[in-house]
Amino acid sequence: MGGQKIQKEHIMQIKVARGKVKASMTRLENTVEDLILKNEILIRLQRLERLFKEFERLDSELSGEDSEIVEFEDRYFSLKLKLQNKLHAFNVSNPITVEAQNSSVVQSVQSISNFQLPKLNIPVFSGKFEDWMNFKDLFVSTVHSQTSMSNSQKFQYLKSLLSDEPADKLASIRNQK
């Protein structure tokens with residue numbers, strides 16, 4: 001009898017954990033229309049993938065009759081499509097042709113002396129461990145992954161987003177070269 005009670009408690013714990021994942025999914029679904037920044041969408045997509053994997057893991061521990069994977073998959077695919085469509089809209093709104101790139105390069109060379117990088121909505125990283133993952137995710141999705149930027153532009157962004165110890169360390173590395 002004791003074994004059945006432990007088994008029932010374990011199943012109940014799994015269902016509670018699965019319910020928390022479903023609640024997180026609901027929060028993502030409720031905020032998708034409010035997303036206006038590309039990096040916000042990318043972060044939500046990453047979160048969605050983690051939620052799906054967690055739900056799949058939890059649901060696999062339950063019997064077939066207790067499974068809710070089909071319903072969750074439907075929600076997952078629907079939300080992923082919405083997020084990808086929003087992301088696609090960013091990429092389509094600024095199509096870059098070869099002629100436009102060549103024209104842009106000529107203009108950049110002509111106006112290099114007054115070149116200024118666009119402002120980003122990334123908080124400055126001061127070296128606090130708890131801020132690292134958020135900073136890294138935002139920087140990678142917004143700057144590092146951009147193939148249209150040169151490495152020196154990416155480096156300038158990085159320099160402008162560091163303060164305190166990280167900024168000092170980066171400056172000392174540059175000075176050693």
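Which residues have the most contacts inside the largest nonpolar core? The views below are of a predicted model, in which local features need pLDDT of at least 70, side-chain atom pairs count only at pLDDT 80 or more, and totals for chains, interfaces and linings use all residues. Residues are numbered from 1 along each chain as its sequence is written, and side-chain values use heavy atoms, with hydrogens and water left out.

**View A. The largest nonpolar core.** This core has 20 residues, and Val21, Met25, Ile41, Leu48, Phe72, Leu79 and Leu83 have the most contacts inside it. A nonpolar core is a set of buried Ala, Val, Leu, Ile, Met, Phe, Trp, Tyr and Cys residues joined through side-chain atoms within 4.5 Å; buried means under 20% relative accessible area (1.4 Å probe, protein chains only). At least two core residues come from each of helix 1 (2–31), helix 2 and helix 3 (69–93). Helix 2 gives the most, 7 residues. Helices are DSSP runs (H or I, at least four residues), numbered from the N terminus.

**View B. Surroundings of Leu79.** Neighbours within four places in sequence aside, Leu79 is in contact (heavy atoms within 4.5 Å) with Met25, Leu28, Glu29, Val32 and Leu48.

**View D. Contact of helix 2 with helix 5.** Asn39, Leu42, Ile43 and Gln46 of helix 2 meet Asp137, Leu138, Ser141 and Thr142 of helix 5. The residues of this contact comprise 3 nonpolar, 4 polar and 1 charged (Ala, Val, Leu, Ile, Met, Phe, Trp, Tyr, Cys and Pro count as nonpolar, Asp, Glu, Lys and Arg as charged, the others, Gly among them, as polar).

Technical notes:
Buried means under 20% relative accessible area, exposed over 50%, partly exposed in between (1.4 Å probe, protein chains only).
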